[in-house]
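This briefing is intended for a reader who is meeting the structure for the first time. Please keep the sequence and the model in view while reading.

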Amino acid sequence: MSLHLQRRARAVDSLAAAGIDMLVAGRQDHINYVTGAHQLWTAGTRPFGPVCTLNTATGEIFLLSTWDEGVPSDIDLDHLQGITWNGGIIYQRLAANPGMATARRVGVDAWSPGMAGLISAVAPEAEIVAVDDILLRARRTKLPSEVDAIRAACAVAAEAVAAALAHPGTDAQRLAAGVEVMALAGSSTPAAEPRVEGPMVDFSCIRSHYEGGLGRTASGAPPASRPHAALIAACVPGATGQDLRRAAPDGDWLVRGSGMGFEPPVINHRYGASEILEAHMVLSVSAGTGEEYARDTVLVTESTPEILSPEEP
Amino acid sequence: MPATADAPALELDVGRLRRHRYAKLQFQMAADGLDALVLLHGPHVAYATDCLPKGADATHASANRPVAVVVADHPQPCLLGGDPDGLPVDHHPAVWPDIDEGAADLGAQLDAILGQHARGGRVGIDLMTGAMRRTGVLSAAEIADAANTMAAVKLRKTVDELACIHQAQSRTNRAMASVYETLVPGVRRSELAAVFLRRLREEGIDANMIDVIFQPMARRMADGPRTTTGHLAFPTWSGDPVYAEDDLIWVDSGSDYHGYASDFGRTWTVGRPPTPAEQRCFERWLAVMDAAYGAIAPGATFAEVCAAATAADAPYRTDGDRPWMPHFYLVHGVGIESAEMPFLGTDNGPDFDAAHTLEPGMVLVLEPAIWEDGTGGYRAEEIVAVTEDGWIPLGGGYPYDPFEVPR
């Protein structure tokens with residue numbers, strides 16, 4: 001089964017188990033996860049709107065797209081809905097969506113007063129439930145093909161890091177060089193904002209839906225003595241956020257999920273103490289500042305963690 | 001040729017930009033009966049606080065997003081998180097509204113900032129994350145949709161907003177000029193993107209807001225992607241094509257200067273002059289633009305601008321359709337979003353276009369598109385601002401090479 005259908009099955013199972021009849025998704029990461037569609041990347045936060053619906057009983061998907069370019073063949077043209085600027089058309093589409101009028105629980109991945117009113121109008125019996133947590137829970141552990149995609153994205157980001165480290169110019173020039181090399185290596189879309197600040201360099205990208213990233217300093221690979229190394233070593237199944245805090249009691253650090261972009265869990269000194277790590281999670285582990293900075297993308301395995309980002313960029 | 005006229009001197013005064021926008025927000029909140037605004041969408045946060053959005057993937061831009069709170073009659077906005085350096089804001093600690101623990105923090109901070117307004121007050125909000133719904137953020141307030149308030153304040157731009165758009169466009173133009181020089185047969189899309197992204201940085205632009213588009217157009221619609229409109233597919237996700245000499249490429253991009261978007265659109269050939277048929281499409285496009293420019297004035301209805309553009313291309317059309325892509329518009333606005341009101345010639349229909357008029361301060365991106373099936377087509381974009389007595393170009397002057405503007 002193709003990767004996006006495996007992912008969709010995970011999402012449908014999780015939503016159905018929570019009693020969700022219909023998903024109305026507006027977040028591009030969730031849409032990519034369930035559809036596998038390649039849609040034009042745009043930066044920044046988004047307002048909430050109904051871009052994709054998924055009927056958990058029938059598996060039927062409707063996707064906002066005027067064309068079939070980049071859309072997997074299991075979503076046919078008659079299940080694509082063209083870009084519209086007309087609120088009445090949005091209403092009519094949702095109202096005509098089989099299963100919407102009788103839905104008891106409609107899941108949304110974000111919420112706004114206007115969109116909540118619209119969904120209530122087309123699904124008057126339905127409870128509107130935020131299901132971003134359910135989807136992100138399903139996404140938390142990665143399929144083997146997802147790990148491959150993340151590893152490939154890390155290799156692209158590593159080329160940018162290497163270029164910025166090798167460039168003799170100002171921070172701004174080094175950053176521009178890194179961005180240029182990253183595009184040549186396979187991604188013109190950043191994940192986080194790239195950073196080049198004196199000795200520290202950090203690049204990440206979205207490549208074929210998946211994020212890869214790493215951070216290094218001019219002095220090369222991070223020594224095993226740093227908190228960064230202690231955190232990576234602590235990324236084993238069953239470890240809690242509290243365990244990570246014990247592994248790195250001092251300094252700034254962040255351990256968070258990485259997949260189709262930024263994902264939970266979020267673990268640092270403030271949040272995530274009760275999170276529990278599982279095998280097949282992929283985590284971004286960053287720690288330190290300036291000369292002490294390092295970040296890697298790490299796969300939690302049944303045994304020792306596997307670093308997916310190249311050690312020497 | 002209006003589109004190549006020199007743009008006016010527009011000097012950004014950041015202090016004035018912030019004061020004008022904040023005053024407009026307070027005025028509109030009073031008109032909408034709001035006690036407070038809570039804003040989570042990056043461009044809205046920037047409008048209220050001048051804490052600028054980042055050119056990051058949506059998941060990253062959302063994860064630890066800054067939040068803006070505007071309380072009625074308070075002298076300056078509150079900013080939760082973000083970088084407050086130099087901003088006239090009351091700063092509060094960062095929250096992570098996309099995770100439950102962070103949303104609970106946000107709820108507690110909002111209760112403290114809003115005081116009695118959090119209990120029974122009328123609060124406009126543009127978005128709630130799932131975590132905010134789960135943790136009951138603002139559950140005791142009367143919630144209104146802040147989208148309406150934001151749409152009202154941003155419709156007519158201040159002089160400093162025009163200056164930002166002018167800068168965004170001018171800098172994007174210079175970056176694109178470098179890309180055009182590298183476009184030769186055999187070059188890949190990734191190579192063009194690489195030059196563009198480097199040059200944007202060199203022009204002082206940190207945020208590229210859309211994956212830059214260099215789409216090779218199938219000469220016949222039937223050879224392109226299938227569409228819901230039966231018309232063109234543009235702009236699509238396009239992988240990493242290698243360009244050949246006979247390709248016709250539609251270019252589109254959007255970057256950000258001080259929170260304001262540019263919108264570059266051109267049609268390029270690959271290291272060759274256009275064919276006579278391609279040049280004819282361009283001249284039809286120019287005629288449509290001239291007609292639209294002639295119709296743009298304060299008080300003109302959207303329908304009048306659309307009718308003028310359509311009439312200019314009527315000699316070439318028998319099927320009643322219009323010289324722009326049916327899934328888009330003849331004109332869209334640009335500002336803190338790359339496409340925002342006003343929209344002219346959309347699927348909102350002729351009654352909508354007849355009922356709405358242009359007003360001074362509106363910024364218009366004109367993007368007619370000409371198509372001759374079998375030949376291909378011509379599409380480009382130009383930005384103008386409606387003034388008290390007509391319009392001025394913003395960021396203009398980018399050439400139409402390799403197409404020739406008739407004298």
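The structure is a predicted model. Chain A contains nine helices and 15 strands, while chain B contains 11 helices and 20 strands. In chain A, 57% of the 313 residues count as buried; in chain B, buried residues make up 59% of 407.

**Chain A as a whole**

- The radius of gyration of chain A is 21 Å, close to the 20 Å that the globule rule gives for 313 residues, so chain A is as compact as a globular protein of that length.
- The C-alpha trace of chain A spans about 60 × 40 × 35 Å along its principal axes.
- Of the contacts in chain A with a separation of 6 or more, 62% are between residues 24 or more positions apart.

**Chain B as a whole**

- For 407 residues, a compact globule would have a radius of gyration near 22 Å, and the 23 Å of chain B agrees with this.
- The C-alpha trace of chain B extends about 70 × 45 × 40 Å along its principal axes.
- Chain B has an accessible surface of about 14500 Å², and 51% of it belongs to carbon and sulfur atoms.
- When contacts in chain B between residues at least 6 apart in sequence are considered, 69% join residues at least 24 apart.

**Strand pairing in chain B**

- An open sheet in chain B is formed by six strands in the order β4-β3-β2-β1-β5-β7, with mixed pairing.
- At the edges of this sheet are β4 (90-92) and β7 (142-145) of chain B, each of which pairs on one side only.
- From one strand to the next, the twist of the sheet averages 25 degrees.
- Within the sheet order, β1 stands beside β2; strand β1 (residues 36-39) and strand β2 (residues 67-71) of chain B pair in the antiparallel sense over four bridges.
- In this pairing, L37(B) stands opposite V70(B) in β2(B).
- Strand β19 (residues 382-386) and strand β20 (residues 391-394) of chain B are likewise antiparallel and pair over four bridges.
- A hairpin of four residues joins β19(B) to β20(B), and A385(B) has I392(B) in β20(B) as its bridge partner.

**Nonpolar cores**

- The largest nonpolar core has 41 residues, and the members that touch the most others are V106(A), V38(B), V69(B), L114(B) and L138(B).
- Beyond its neighbours within four places in sequence, V69(B) is in contact with residues including L37(B), V38(B), P77(B), L110(B) and L114(B).
- A second, separate core consists of 38 residues, among them A153(A), A164(A), A194(B) and I249(B).

**A buried threonine in chain B**

- T149(B) belongs to helix α6 (residues 146-154) of chain B.
- T149(B) counts as buried because its relative accessibility is 2%, and buried means under 20%.
- Apart from neighbours within four places in sequence, T149(B) has contacts with Q28(B), M29(B), D32(B), L34(B) and L37(B).

**Backbone features**

- A cis peptide bond runs from P264(A) to P265(A), with omega near 0 degrees; P265(A) lies in strand β12 (residues 261-267) of chain A.
- Another cis peptide bond runs from D401(B) to P402(B), with omega near 5 degrees; P402(B) is in the segment after β20 of chain B.

Key
Residues are numbered from 1 along each chain as its sequence is written. Chains are lettered from A and ligands numbered from 1 in the order in which they are written. This is a predicted model: local features need pLDDT of at least 70, side-chain atom pairs count only at pLDDT 80 or more; totals for chains, interfaces and linings use all residues. Side-chain values use heavy atoms; hydrogens and water are left out. Two strands pair if DSSP finds at least two bridges between them. Helices (H or I, at least four residues) and strands (E, at least two) are DSSP runs, numbered from the N terminus. Axes are lines fitted to C-alpha atoms, for helices over the stretch in contact, and angles run from 0 to 180 degrees between N-to-C directions. The radius of gyration is taken over C-alpha atoms; the globule rule is 2.2 Å times the number of residues to the power 0.38. Buried means under 20% relative accessible area, exposed over 50%, partly exposed in between (1.4 Å probe, protein chains only). Contact means heavy atoms within 4.5 Å. Accessible areas come from the Shrake-Rupley method with a 1.4 Å probe; for residues, only the protein chains shown count as cover. A nonpolar core is a set of buried Ala, Val, Leu, Ile, Met, Phe, Trp, Tyr and Cys residues joined through side-chain atoms within 4.5 Å.
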